[in-house]
Structures are given as structure tokens and as C-alpha cells.
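Trainee: I would like to learn how to read a structure like this one. Could you take me through it?
Mentor: Gladly; let us look at it together.

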Amino acid sequence: MKILVCISHVPDTTSKINFTDGDSKFDTNGVNFVINPNDEFGLTRAMWFKEKQGASVDVVNVGEKETEPTLRKALAIGADNAIRVDTPAKDGFQVAQQLAKVAKDGDYDLIIAGRESIDYNGGMVPGMLAALLDANFINTCISLEIDGDTAKAVREIDGGKESLTASLPLVIGGQKGLVEESDLKIPNMRGIMQARKKPLNVVEPEEVATQTEAVKFEKPAPKGEVKLVDPENLDELIDLLHNEAKAI
Amino acid sequence: MSVLIYTETEDGKFKKAAFEVASYAKEVAEKMGGEVTAVSFNANNASELGKYGVSKVLNIQNDKLGKFNAEAYADAVSQVAQKEDSKVVVLSQSANSKYLAPLLAVHLDAGYASNVVDTPESTDPFTVKRSAFTNKAFNFTKITTEVKIVGLSQNAFGLKENETEATTEDFSPELKDGDFSVNVESVDKAKDKVTIADAEIVVSGGRGLKGPENWGMIEEMADILGAATACSKPVSDMGWRPHSEHVGQTGKPVASNLYIAVGISGAIQHLAGINAAKTKVVINNDPEAPFFKAADYGVVGDAFEIVPKLNEKLKEFKAKNA
């Protein structure tokens with residue numbers, strides 16, 4: 001089985017979110033970048049398939065040279081090859097088209113991407129990629145088994161879950177549940193050393209159009225102080241929620 | 001010009017999200033000089049959408065589409081959009097709509113903006129405000145394609161009545177075998193329970209509750225308030241509560257009007273996921289818990305004493321204000 005895991009290079013959760021150039025660009029100054037958490041669950045599941053069922057695992061990112069440490073980390077976790085499509089990520093559709101080209105060239109059976117990146121939260125790349133490839137697609141996937149060319153998956157729905165089957169090739173929008181947080185691997189020294197020698201192929205981008213453009217950013221208005229209510233006076237809390245917040 | 005909305009139903013009845021996208025689309029249609037058309041699947045009372053400004057409903061009656069199927073629904077909705085020459089398509093941000101929207105975007109060659117929190121800042125160019133960086137910022141996105149798809153965050157716009165005479169007609173999409181190549185085998189869903197996505201109020205418990213056996217008072221509060229129950233990540237990791245209740249960055253997002261957190265300290269990943277809730281209440285015995293910095297109202301004290309008392313008072317309040 002050939003697996004491709006799509007890796008988004010995102011600021012880690014604790015990063016300060018600031019903007020530059022008249023609030024038109026994300027300020028990367030002092031920001032630590034990581035593998036998008038939703039992608040990392042998928043990558044770890046892919047490693048499970050590699051170990052238990054025999055699979056090759058490639059990772060791909062659409063981005064410029066500064067994303068390479070993130071791809072190296074994916075190699076250190078155990079991916080076999082990395083591919084970087086040498087163009088900045090502009091919008092979900094542009095990224096999906098670049099990934100579609102890589103996916104077609106590599107003839108993969110299973111493509112795993114995170115359900116969304118934690119920076120732009122677009123949540124569109126896996127679905128667009130599946131539609132462009134005319135492959136089956138399962139989103140918000142929390143469990144995945146592969147038997148031959150059939151996948152059994154569980155998808156999270158509002159208020160519960162749904163069991164699905166589909167044939168390969170398949171695109172997954174993955175998230176926590178594919179593996180648990182405790183299954184995530186911190187690369188060891190051997191993995192890091194090996195990753196240095198693994199191939200990281202830089203490929204030229206396709207000439208593709210975008211459909212959307214991020215014009216500017218804005219930070220939410222600063223929040224006021226919390227109002228503390230005495231535990232002996234819970235009527236006050238109900239009064240505040242009813243009359244001030246109009247929430248009950 | 002029509003603004004098309006995808007309206008979700010459950011057992012033939014429209015969900016609240018359907019009325020919210022209708023209310024929103026009506027305002028967009030007025031700005032652009034057009035009308036709102038809706039597409040629904042197996043709706044019992046399609047004309048009900050008129051109350052929120054919908055002029056026309058195309059209802060698809062098809063047993064094969066009884067259960068949500070992203071590919072088949074995308075095929076059907078895009079056929080309606082093409083027939084109606086819709087320039088804007090609005091969906092909610094439920095799990096199903098988020099599954100459907102990117103497929104629809106490729107079918108219609110349309111740009112898609114998700115997590116939209118407001119009516120368009122301008123309609124030409126078409127620019128919308130959306131939340132990004134897990135609610136730590138807003139991002140104004142210009143959609144440059146002829147057809148635009150808007151994913152409206154739940155509770156971002158609310159319901160606005162706009163009594164309109166809605167005509168209804170049946171629509172039969174042409175479906176392909178390939179539309180059904182992902183099979184839904186079974187659905188495991190709590191019946192008669194408010195889901196986090198639909199809820200006006202969410203009551204959530206954390207590790208401070210010490211064990212799954214103590215969730216009775218959380219469920220009781222949710223019952224009194226007609227709220228959904230939720231939990232923090234450690235609670236779902238330890239298996240105290242199901243995964244589908246986990247809210248936070250890697251769990252479900254919360255955008256309810258009210259979020260009540262009991263025994264949740266407020267890790268940054270948790271706060272990121274619930275930031276879009278309008279009013280936040282925290283009950284925690286540790287006054288230094290980070291949640292107090294993110295909350296609007298807080299009670300410092302023992303949840304096991306406070307919650308049962310609060311439940312009694314909420315019951316009295318509900319009885320008086322019913």
C-alpha cells in the first residue's frame with residue numbers, strides 16, 4: 001500500500017498571533033512551527049499501517065524552504081520520503097491542486113490529510129483534493145482500518161459517529177481518534193539522524209489559479225475582567241446570566 | 001440572481017442551522033438584489049423556510065438520500081445551483097456541511113470561505129469576515145470566483161424572521177453510481193440529545209469532577225437548560241466521556257451563546273476551541289485556573305457543592321420564566 005500524508009506547517013498552539021504589513025500578513029517573528037496536529041494523528045496512523053501491514057509512507061507539503069524542518073520531523077517520525085512543492089500556500093484550492101498533482105504522479109492508494117489546519121482553519125483541502133482526484137473521501141475520520149482495497153472507517157458526526165466503508169483510492173480528513181495523543185511519537189536520535197539522509201524532493205509547482213485571497217486580519221477586541229460571584233450568592237449569577245448576558 | 005442555501009433536516013424536520021442560514025442568506029440576497037432559494041432533502045414541510053425569507057424551496061424526495069452522503073448530496077446540490085444559476089451558496093458549519101462544502105466547491109468551480117462570522121463586508125468584491133487561528137484572530141477573505149460558497153459559523157448570525165411566501169417544488173437530481181461509493185453502514189447517535197453543534201447552551205465538565213460517576217449533576221444542569229453536554233480533552237482521553245463530547249482545538253468547536261465550564265482549568269487548547277462562545281462561565285476551586293482570564297463570569301469554589309445548589313436555583317428560575 002502506498003500512503004501519502006499531507007503535512008501543513010503551522011504555528012504551535014502557544015504561539016502569539018500577530019500580524020504585520022498593515023495587518024495583511026501573519027507575523028512569523030519568534031513563532032515556532034510544527035506539524036499541524038490533525039495531520040500528525042494521520043501520520044502516526046500511517047506509521048501503524050507501515051509497521052503492521054506493510055506500507056510505504058510519503059509526506060508532502062506545499063510551501064517554501066522554511067517548511068523543510070517540519071518535513072524533516074515527519075521523516076524522523078518514520079516517513080520514507082518527503083516532497084515539497086516549492087510555492088507558498090495561497091489558498092485551499094491552490095494547495096489542493098498542487099497536492100492533486102503529487103498524488104496522481106505517485107499513484108497512492110491512501111491519502112491522509114488533517115481535517116483542518118490550526119492556522120487558517122479552512123477545512124477544505126482534503127475534500128477538494130478528493131474531488132479533484134475523483135477519489136472517495138471520508139472527513140472527520142476517527143478510526144481507519146484497511147483490508148485489501150477496502151477501508152472501514154468511523155466518522156465523527158454531530159452528536160455521535162457513523163461507520164462507513166469505501167474502496168481505495170481514498171482521501172481521509174483525519175483528526176484525533178485515528179490514533180490517540182498518547183500514541184504520538186517524539187522522534188528519537190536515531191530517527192533524527194536517519195531523517196537527514198532520507199530523500200526530500202523539491203518539485204516545481206503547477207501553474208494554478210486561486211479562488212480566494214486573505215486581504216486582512218484583525219484581532220478580537222480585548223476581553224474585560226471576569227466578574228466573580230460569591231458561591232453563597234448564586235442568585236446573582238442567574239441574574240447576571242439572565243439580565244446582563246441575556247444568555248438564559 | 002439567487003442565493004442558494006443547503007438546509008439540513010433530521011427525520012424530515014429542519015434543524016435550527018437551516019433557519020439560521022436562511023436568515024443570513026436573506027440579508028445577503030437583499031444586499032445583492034436577489035432572492036433566496038433553498039435545497040432540502042426529504043423535508044416534511046418545505047414551505048416552513050418561508051418564515052425566514054426563503055422564496056423557493058427545491059425539495060429532493062429520494063429514499064436513497066435518506067441518510068447523508070457527502071458525494072451524492074454534493075452532486076445533487078450542485079445540480080440545483082446550476083439550474084437556479086445561484087451565485088452564492090450558503091451552508092452551516094455542521095459536521096455534514098463541512099464534509100459537503102469542499103466537494104461542492106470543486107463541482108461548482110467556486111471559492112469557499114469557511115467559519116464565516118458576519119454578513120459580507122462588501123458584495124463586490126465579495127469579502128467576508130471569518131474566524132481563523134482557532135478563534136485567536138479574524139481574517140477577511142475575498143472570494144474571486146463567479147460562484148461563492150459561504151460556510152456560516154453556528155450562532156454567528158442568529159435567526160431573523162422575514163415572512164415570505166415560499167413556493168415549493170420537487171427536484172430529482174441525476175445521480176451516478178459513483179455517488180454512493182462511500183457506504184454508510186451504521187449511525188451511532190444519541191437520540192433526543194441536543195448536539196454541541198446545535199446547542200444554544202453547552203455545559204462542560206473537566207478533570208475536576210474526579211470521575212465519570214459524577215457526571216449526573218452536569219447532565220442535570222444540561223437537562224434544566226436544554227443544553228448539550230461536553231467535556232475537556234483529558235476527560236475524553238481517560239474514557240470518562242465519549243470522544244464526540246470533547247471540545248477544544250483538536251475536538252469540536254463551540255460557538256454557543258453560553259458555555260458553562262465545571263472543573264476545567266482552561267488549557268490554551270481548550271480555550272481556543274470554546275472562544276467563539278458568547279458568554280463563558282467557569283466554576284472551579286482554583287482561583288488561579290487560567291479559565292478565569294477567559295471567562296465572563298466565575299465562581300471560585302467546590303463544584304460538588306456549587307453545581308447542585310445552582311441546579312436547584314436554575315430549576316426555580318426556569319419554573320418562573322417558563
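Trainee: Which strands of chain A does helix α3 of chain B lie across?
Mentor: Helix α3 (residues 95-108) of chain B lies across β9 and β10 (150-157) of chain A, at about 95° to β9(A). Helices (H or I, at least four residues) and strands (E, at least two) are DSSP runs, numbered from the N terminus. Axes are lines fitted to C-alpha atoms, for helices over the stretch in contact, and angles run from 0 to 180 degrees between N-to-C directions. Two residues are in contact if their C-beta atoms, placed from the backbone, lie within 7 Å. Some ground rules: this is a predicted model, in which local features need pLDDT of at least 70 and side-chain atom pairs count only at pLDDT 80 or more, while totals for chains, interfaces and linings use all residues. Residues are numbered from 1 along each chain as its sequence is written, and chains are lettered from A and ligands numbered from 1 in the order in which they are written.

Trainee: How many helices and strands does chain A have?
Mentor: Chain A has six helices and 15 strands. Its C-alpha trace spans about 65 × 45 × 40 Å along the principal axes. Of the 248 residues in chain A, 50% are buried; a residue is buried if 20 or more other C-beta atoms lie within 10 Å of its own, exposed if 12 or fewer, and partly exposed in between, with C-beta atoms placed from the backbone. Among contacts in chain A between residues at least 6 apart in sequence, 71% join residues at least 24 apart.

Trainee: How do I read a sheet, and what is the strand order in the one with 10 strands?
Mentor: Strands of a sheet pair through backbone hydrogen bonds, either parallel or antiparallel. Here two strands pair if DSSP finds at least two bridges between them. The 10 strands form an open, mixed sheet in the order β13(A)-β7(A)-β6(A)-β1(A)-β8(A)-β12(A)-β9(A)-β10(A)-β11(A)-β13(B). Its edge strands are β13 (200-203) of chain A and β13 (182-189) of chain B, each pairing on one side only. From one strand to the next, the twist averages 30°.

Trainee: Where can I see parallel and antiparallel pairs in that sheet?
Mentor: For a parallel pair, take β1 (residues 2-6) and β8 (residues 110-114) of chain A, joined by three bridges; V5(A) has I112(A) as its bridge partner. For an antiparallel pair, eight bridges join β10(A) to β11(A), with R155(A) partnered by E162(A). The hairpin of these two strands has two residues between them, and G159(A) takes a positive phi near 85° there. β11(A) also pairs with β13(B), antiparallel over seven bridges, where L164(A) stands opposite V184(B).

Trainee: How many residues does each chain bring to the contact between them?
Mentor: Chain A brings 64 residues and chain B brings 72. On the chain A side, β11(A) gives the largest share, eight residues. That side divides into 31 nonpolar, 19 polar and 14 charged residues. In this scheme Ala, Val, Leu, Ile, Met, Phe, Trp, Tyr, Cys and Pro count as nonpolar, Asp, Glu, Lys and Arg as charged, and the others, Gly among them, as polar. Strand pairing crosses between the chains elsewhere too: six bridges join β14(A) to β10 (residues 137-143) of chain B in the antiparallel sense, and E213(A) has K142(B) as its bridge partner.

Trainee: Why is one side of β15 of chain A left without a neighbour in its sheet?
Mentor: β15 of chain A and β15 (228-231) of chain B stand at the edges with a single partner strand each, so one side of each has no neighbour in the sheet. The six strands run β15(A)-β18(B)-β17(B)-β16(B)-β14(B)-β15(B), an open sheet with parallel pairing. Within this sheet, β14 (residues 201-205) and β16 (residues 258-262) of chain B pair over five bridges, and S204(B) is partnered by A261(B). Helix α8 (residues 303-321) of chain B lies across β16, β17 (279-284) and β18 (297-300) of chain B, at about 130° to β17(B).

Trainee: Which domains does the assignment give for chain B?
Mentor: Domain 1 is 2-180 and domain 2 is 201-321; such bounds come from an automatic or database domain assignment. Their centres, taken over C-alpha atoms, are 31 Å apart. Eight residues of domain 1 of chain B are in contact with eight of domain 2 of chain B, and the domain 1 side holds one nonpolar, six polar and one charged residue.
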